[in-house]
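Colleague: I am new to reading models of this kind, and I would like to go through one with you slowly. Could you show it to me, so that I can ask how each description is reached?

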Amino acid sequence: MGRAYLIVSGKGGTGKTTVSTSLALALAQMGRRVLIFDGDVGLRCCDLLMGMEDLVMYDAGDVLENRCTLAEAATAHPQTPSLHLLSAPQMATPGDMSKKAIAELIAEAKQQYDDIFIDCPAGIGRGLKNVWMAADDAILVATPDDTSLRAAERVSSMLFERRQLHAGLILNRIDHFLIWVNEEKRPGEIAASLDLPLIGGIPESYDVYRGILMHKTALECDSASVRRAVLRIAKRLAGQNVSFPRFYRVQNQNP
Ligand SMILES: Nc1ncnc2c1ncn2[C@@H]1O[C@H](COP(=O)(O)OP(=O)(O)OP(=O)(O)O)[C@@H](O)[C@H]1O
Ligand SMILES: [Mg+2]
């Protein structure tokens with residue numbers, strides 16, 4: 001039985017899709033069966049970020065309306081066939097979808113995959129509530145600025161109150177130089193202030209954006225430090241004990 005992760009944020013544009021697609025690819029390359037469930041109904045983009053836009057024939061809406069099966073709609077990644085993508089319907093809105101039917105679909109997917117990444121729309125609206133019933137874990141993706149962190153705090157309390165999910169935190173776009181000059185808080189400090197376990201951090205990099213222009217995930221981008229950061233997080237999710245880089249830790253914290 002696989003695990004379904006909600007990939008969420010309060011604020012939009014923090015990197016949920018970047019994180020979902022790159023972690024999914026990393027875990028699939030480690031030999032796991034992985035499904036990306038694009039939960040951004042009406043605004044899907046996982047297919048674009050993975051260079052799979054010409055391969056997708058069906059979407060989750062087709063499965064829910066019995067036009068095809070999950071196996072037919074889950075499209076295999078061209079280079080890593082143990083990674084599948086279930087796209088979101090493009091012409092629907094979250095209000096058109098039945099929460100119960102989506103929960104059943106994710107439960108069915110859990111029988112066939114080790115990891116399911118549900119790439120959610122930003123915020124705490126219907127798009128999130130449609131998919132959260134079947135999730136086992138939640139991963140909050142935030143950037144280190146206060147607007148993103150305040151929104152992350154709000155989402156994490158809601159996930160805990162309404163779904164008893166204690167989210168883990170991935171900090172995206174962290175800037176080593178700004179941490180060095182004490183203008184940006186250390187990832188460990190941020191996680192402690194939100195009372196969330198830190199799963200990992202991904203550095204800010206121009207190469208992530210360049211990769212997106214070429215429809216490549218962050219795991220395939222030119223920045224070695226981004227690729228290493230994604231792999232560290234993937235290994236942690238797969239249950240391996242991977243230490244955090246030294247500068248992540250709160251000062252005076254033991255290694
Ligand atoms: N580590 C990074 N370094 C530099 N740019 C990044 C990084 N991560 C994401 N970005 C940029 O941020 C933009 C938003 O990323 P992404 O689409 O993954 O966010 P999102 O949270 O899924 O957005 P939405 O809330 O709209 O779904 C992308 O265009 C990407 O170029
Ligand atoms: Mg997104």
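This is a predicted model: local features need pLDDT of at least 70, side-chain atom pairs count only at pLDDT 80 or more; totals for chains, interfaces and linings use all residues.

Colleague: Why is Asn130 called buried?

Modeller: A residue is buried if 20 or more other C-beta atoms lie within 10 Å of its own, exposed if 12 or fewer, and partly exposed in between, with C-beta atoms placed from the backbone. Asn130 has 23 other C-beta atoms within 10 Å, and therefore it is buried. Leaving aside residues up to four places away in sequence, Asn130 touches Pro94, Met97, Lys99 and Ile102, where contact requires C-beta atoms, placed from the backbone, within 7 Å.

Colleague: What makes Pro187 buried or exposed?

Modeller: Pro187, whose place is in helix H9, has 24 C-beta neighbours inside 10 Å and so counts as buried. Its contacts, again without residues up to four places away in sequence, are Leu171, Ile174, Leu198, Gly201 and Tyr248. Pro187 and Leu171 are 16 residues apart along the chain, and their C-alpha atoms are separated by 6.8 Å.

Colleague: And how do you know whether Asp195 is buried or exposed?

Modeller: Asp195 has 12 C-beta neighbours inside 10 Å, so it counts as exposed. Asp195 is found in the loop between helix H9 (187-194) and strand E8 (198-203), and although it is not a glycine, it has a positive phi of about 60°.

Colleague: What makes Leu178 partly exposed?

Modeller: Leu178, which lies in helix H8 (residues 176-180), has 13 C-beta neighbours inside 10 Å, and therefore it counts as partly exposed. Not counting residues up to four places away in sequence, Leu178 touches Glu183 and Glu184.

Colleague: Turning to a pair of helices, why is H1 called roughly perpendicular to H11?

Modeller: The axes of H1 and helix H11 (residues 224-237) come within 9 Å and cross at roughly 65°, where axes are lines fitted to C-alpha atoms, for helices over the stretch in contact, and angles run from 0 to 180 degrees between N-to-C directions. That angle makes H1 roughly perpendicular to H11, because angles of 65 to 115 degrees count as roughly perpendicular, under 35 as roughly parallel, over 145 as roughly antiparallel and the rest as oblique.

Colleague: Which residues make the contact between H1 and H11?

Modeller: Ser22, Leu23, Ala26 and Leu27 of H1 meet Val230, Leu231, Ile233, Ala234 and Leu237 of H11. These residues divide into eight nonpolar, one polar and no charged, given that Ala, Val, Leu, Ile, Met, Phe, Trp, Tyr, Cys and Pro count as nonpolar, Asp, Glu, Lys and Arg as charged, and the others, Gly among them, as polar.

Terms used. Residues are numbered from 1 along each chain as its sequence is written. Chains are lettered from A and ligands numbered from 1 in the order in which they are written. Helices (H or I, at least four residues) and strands (E, at least two) are DSSP runs, numbered from the N terminus. Two residues are in contact if their C-beta atoms, placed from the backbone, lie within 7 Å.
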